[in-house]
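Trainee: I'd like to learn how to read a ligand site. Can you walk me through one?

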Amino acid sequence: MSQNLENLKIVFIGGGNMGQALVGGLLSSDWIANNISIIDSDPAMSAKLAKQFMQCNVFTQTEAVLTLADIVVLAVKPQTMRTACEQIAAQCQASRPLIISIAAGIQISDIDGWLGGELPIVRCMPNTPALVQSGTTGLFANSEASLQQREFAQNILNSVGSTLWLEQEAMLDVVTAISGSGPAYFFYVIEAMLEAGQSLGLSAAQARQLTIDTAAGAAKLIQKSGKTPQELRRAVTSKGGTTEAAIKALKQGGMKNLFHTAITIAAQKAKQLARTNALTNSDEANSEKAE
Ligand SMILES: NC(=O)c1ccc[n+]([C@@H]2O[C@H](COP(=O)([O-])OP(=O)(O)OC[C@H]3O[C@@H](n4cnc5c(N)ncnc54)[C@H](OP(=O)(O)O)[C@@H]3O)[C@@H](O)[C@H]2O)c1
């Protein structure tokens with residue numbers, strides 16, 4: 001593998017939402033566009049990608065470019081992952097690139113098996129704020145991945161936000177439940193606050209501005225201050241005041257327990273989906289072979 005990040009040749013398999021977010025992130029962090037290739041089997045998507053990323057190389061099917069790749073990013077839906085891997089297995093075995101998978105719930109052992117085995121693989125769980133370069137990603141590497149390859153993977157994911165290494169692959173289920181699904185929890189809280197604001201007389205636009213700016217401001221404050229959420233909450237909770245009354249109502253409603261239950265259920269679901277994905281992929285591959 002080439003030593004310098006800027007010389008690396010990277011190929012994306014799948015140029016959907018997440019693939020585009022990562023290509024955009026790499027371009028804005030000064031990757032050489034000509035070193036980036038995207039293979040997307042959907043012709044309409046490929047045409048869109050060719051316009052959006054004019055200086056990158058866009059293809060609709062597996063190309064020779066794969067044999068020159070230092071890094072291959074697997075960015076297709078989990079249910080099509082086995083087929084996608086099997087289509088590129090021969091080239092990957094020839095060039096032995098670093099494989100980065102962003103697919104939810106597909107285990108490294110499955111990806112490695114479908115690609116022919118013994119490849120360096122980093123499995124990641126990004127989240128949708130990656131679309132605006134504010135994501136956060138949990139990463140886990142197999143033992144074939146060198147220190148330098150781990151750094152490359154981290155650099156790539158850092159182009160769309162922050163990153164965090166995990167010591168066990170199973171912890172990616174918890175990452176999925178916290179940060180993968182997490183944006184939806186905050187959107188739900190925002191939704192509830194918007195509805196409450198409107199029911200008390202604010203216009204939709206007023207409620208939106210106040211709620212979203214408060215959410216963004218609170219996130220910035222906790223990031224910049226380094227304080228705990230309890231410290232910051234107490235700082236705005238004066239005795240006998242409005243915040244105290246509101247927090248009391250949230251406590252009585254069991255908000256913390258509710259979040260604990262919801263996140264535990266999400267982590268269990270992530271684990272269960274990983275098993276289902278493995279089965280679905282093997283069913284699809286079997287039926288393709290039978291055709
Ligand atoms: N969106 C999220 O919040 C999020 C967060 C974390 C992780 N992820 C993971 O990111 C991955 C990509 O998600 P996405 O939302 O970007 O998916 P997406 O929008 O469906 O993009 C995937 C693209 O790859 C194409 N494709 C399918 N099979 C292919 C193949 N064999 N070779 C080349 N291209 C192929 C698809 O074409 P067709 O549409 O014709 O199949 C589609 O255009 C998923 O595995 C997901 O689990 C997503």
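Trainee: How many Å is an oxygen atom of the ligand from a polar backbone atom of M18?

Mentor: A polar contact is a pair of N or O atoms within 3.5 Å. Here, the distance from M18's polar backbone atom to a ligand oxygen is 2.8 Å. Elsewhere, a backbone N or O atom of S41 is 3.1 Å from a ligand nitrogen. The protein buries 78% of the 910 Å² that the ligand exposes when taken alone (Shrake-Rupley method, 1.4 Å probe).

Mentor: Before we go on, this is a predicted model: local features need pLDDT of at least 70, side-chain atom pairs count only at pLDDT 80 or more, and totals for chains, interfaces and linings use all residues. Residues are numbered from 1 along each chain as its sequence is written, and side-chain values use heavy atoms, leaving out hydrogens and water.

Trainee: Which residues come nearest to the ligand?

Mentor: A residue is near a molecule if one of its heavy atoms lies within 4 Å of it. Of 23 residues around this ligand, M18, D40, V76, Q87 and T128 come nearest.

Trainee: How do the shell residues divide into nonpolar, polar and charged?

Mentor: Asp, Glu, Lys and Arg count as charged; Ala, Val, Leu, Ile, Met, Phe, Trp, Tyr, Cys and Pro as nonpolar; the others, Gly among them, as polar. This shell has 13 nonpolar, seven polar and three charged residues.

How values were computed. A polar contact is a pair of N or O atoms within 3.5 Å; within protein, one must be able to donate a hydrogen and the other to accept it, and residues adjacent in sequence count only if both atoms are side-chain atoms.
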